[in-house]
Amino acid sequence: MLLRIFLLPLVAFITGCTINPNTQAVLKTTDKASINSISFEQDRQAILAMQGEYQVRFQFNETVTLAPNYEKRPGKDTAAWETVIVIADEGDFISLQHLLQMQDGNVIKHWRQDWHYQADERLEFDDDQTWRLQSLPKSESKGRWTQCVYEVSDAPRYCGSGRWEYEFDTPTWTSDRSWRPLPRREYTSRNDYNALRVVNRHTITPAGWSHEQDNSKVQRKQNQNSSALTREFGYNSYTKTTEMDFSPAYKYWEKTASFWQRVRTQWAQLITKNKGIKLLTEVDGMAIIIPMFALAERAQQGEEISDQDIADILATHTAAPQD
């Protein structure tokens with residue numbers, strides 16, 4: 001019964017959607033080594049500035065029609081409460097975990113964003129339910145941060161690489177264009193496209209931060225031509241708030257953090273071993289999400305969860321990418 005109560009808001013939400021003052025410091029030194037060092041720390045502070053407690057609004061609207069006879073779909077506009085916490089800070093690697101909290105105090109582990117400075121490789125969404133590790137040439141990674149985003153179960157979603165820029169003293173990171181799978185807000189209601197071609201932009205603002213998305217909705221066939229239906233603009237605003245008591249979210253994470261750390265480790269081991277990952281699930285991924293969240297609930301109740309419990313779920317629902 002507890003699991004059912006816990007999962008109801010999860011299913012309802014994920015099927016319905018998807019400053020630190022130092023960040024605005026101006027570089028005034030002319031020493032190149034100092035500039036590189038200061039720029040690196042400035043970037044780090046911009047990423048770390050995304051931690052905090054927020055009222056979030058997710059807005060998506062189709063803009064330019066690209067396919068003959070395509071009729072634009074209604075936009076999506078969803079609100080939520082979310083806290084973002086730093087779960088790793090190793091200098092050139094920072095990991096931020098998002099936790100959704102409902103008005104009734106229920107907590108849902110949401111998406112995760114990992115930031116790697118001058119990454120040697122990144123995951124690429126290659127085909128339906130398939131990601132492959134791809135090397136990044138030094139010319140494409142030098143001075144750049146690669147952001148990789150992960151599912152609520154810590155399954156992969158997408159990666160992008162880009163520089164932080166500070167025009168108008170405003171920290172802004174813009175990715176290169178990369179592929180990502182269908183968002184949850186779409187695949188429960190349509191099947192006329194199977195991939196997004198996207199550019200992501202994160203901006204630190206006086207009120208919090210924003211995540212803009214330039215999305216093209218594409219029917220993609222591996223090794224064949226792709227066709228685009230429409231472009232979409234996404235605007236997710238994270239506005240700092242004191243109106244929600246996020247103590248249930250922090251208590252949840254205190255009790256489950258070590259469990260989720262082991263989940264992340266096993267995902268990483270599989271991806272490294274297989275040079276990528278293929279999910280043997282429906283697009284919604286619930287075959288992994290439901291049992292993984294059931295284990296998390298048991299961990300929250302103080303039960304010992306073995307590494308084998310986690311491995312059994314992943315072994316059943318994942319495989320190496322096919323050649």
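**Rings, strands and charges in a predicted model**

The charged end of R112 lies over the ring of Y150, 4.0 Å from the ring centre; a charge counts as sitting over a ring if NZ of Lys or CZ of Arg is within 6 Å of the ring centre and within 35 degrees of the ring normal. The structure is a predicted model, in which local features need pLDDT of at least 70 and side-chain atom pairs count only at pLDDT 80 or more, while totals for chains, interfaces and linings use all residues. Residues are numbered from 1 along each chain as its sequence is written, and side-chain values use heavy atoms, with hydrogens and water left out.

Rings may also pair with one another. A pair of aromatic rings is described by the distance of the centres and the angle of the planes. Rings of Phe, Tyr and Trp (its six-membered ring) pair if their centres lie within 6.5 Å; planes under 30 degrees apart are called stacked, over 60 edge-to-face, and the rest tilted. The structure holds eleven aromatic pairs. One of them joins F40 and W145, which are stacked at 5.8 Å centre to centre with 10 degrees between the planes. Because F40 belongs to helix α2 (residues 32-48) and W145 to strand β7 (residues 145-150), this pair ties together parts that are 105 residues apart in sequence. Helices (H or I, at least four residues) and strands (E, at least two) are DSSP runs, numbered from the N terminus.

W145 is buried, with a relative accessible area of 0%, whereas F40 is partly exposed at 23%. Here buried means under 20% relative accessible area, exposed over 50%, and partly exposed in between (1.4 Å probe, protein chains only). W145 also forms a tilted pair with Y117, at 5.0 Å centre to centre and 50 degrees between the planes. Y117 lies in strand β4 (residues 107-117) and W145 in strand β7, so this pair ties together parts that are 28 residues apart in sequence. Y117 is partly exposed, at 22%.

The next feature is a sheet. Four strands form an open sheet in the order β5-β6-β15-β16, with antiparallel pairing; two strands pair if DSSP finds at least two bridges between them. Strands β5 (121-127) and β16 (318-319) stand at the edges with a single partner strand each, so one side of each is left without a neighbour in the sheet. Within the sheet, three bridges join β6 (residues 130-135) to β15 (residues 276-279), and W131 stands opposite I277 in β15.

Side chains of opposite charge can pair when their charged atoms come close. A salt bridge is a side-chain nitrogen of Lys or Arg within 4 Å of a carboxyl oxygen of Asp or Glu, and the structure holds 23 of them. R122 forms one with E124, the closest N and O atoms being 2.7 Å apart. R122 is buried at 5% relative accessibility, and E124 is buried at 19%. The side chains of R122 and D176 also meet in a salt bridge (3.1 Å, N to O). This pair links distant parts of the chain, with R122 in strand β5 and D176 in the loop between β10 (172-174) and β11 (178-180), 54 residues apart. D176 is partly exposed, at 28%.
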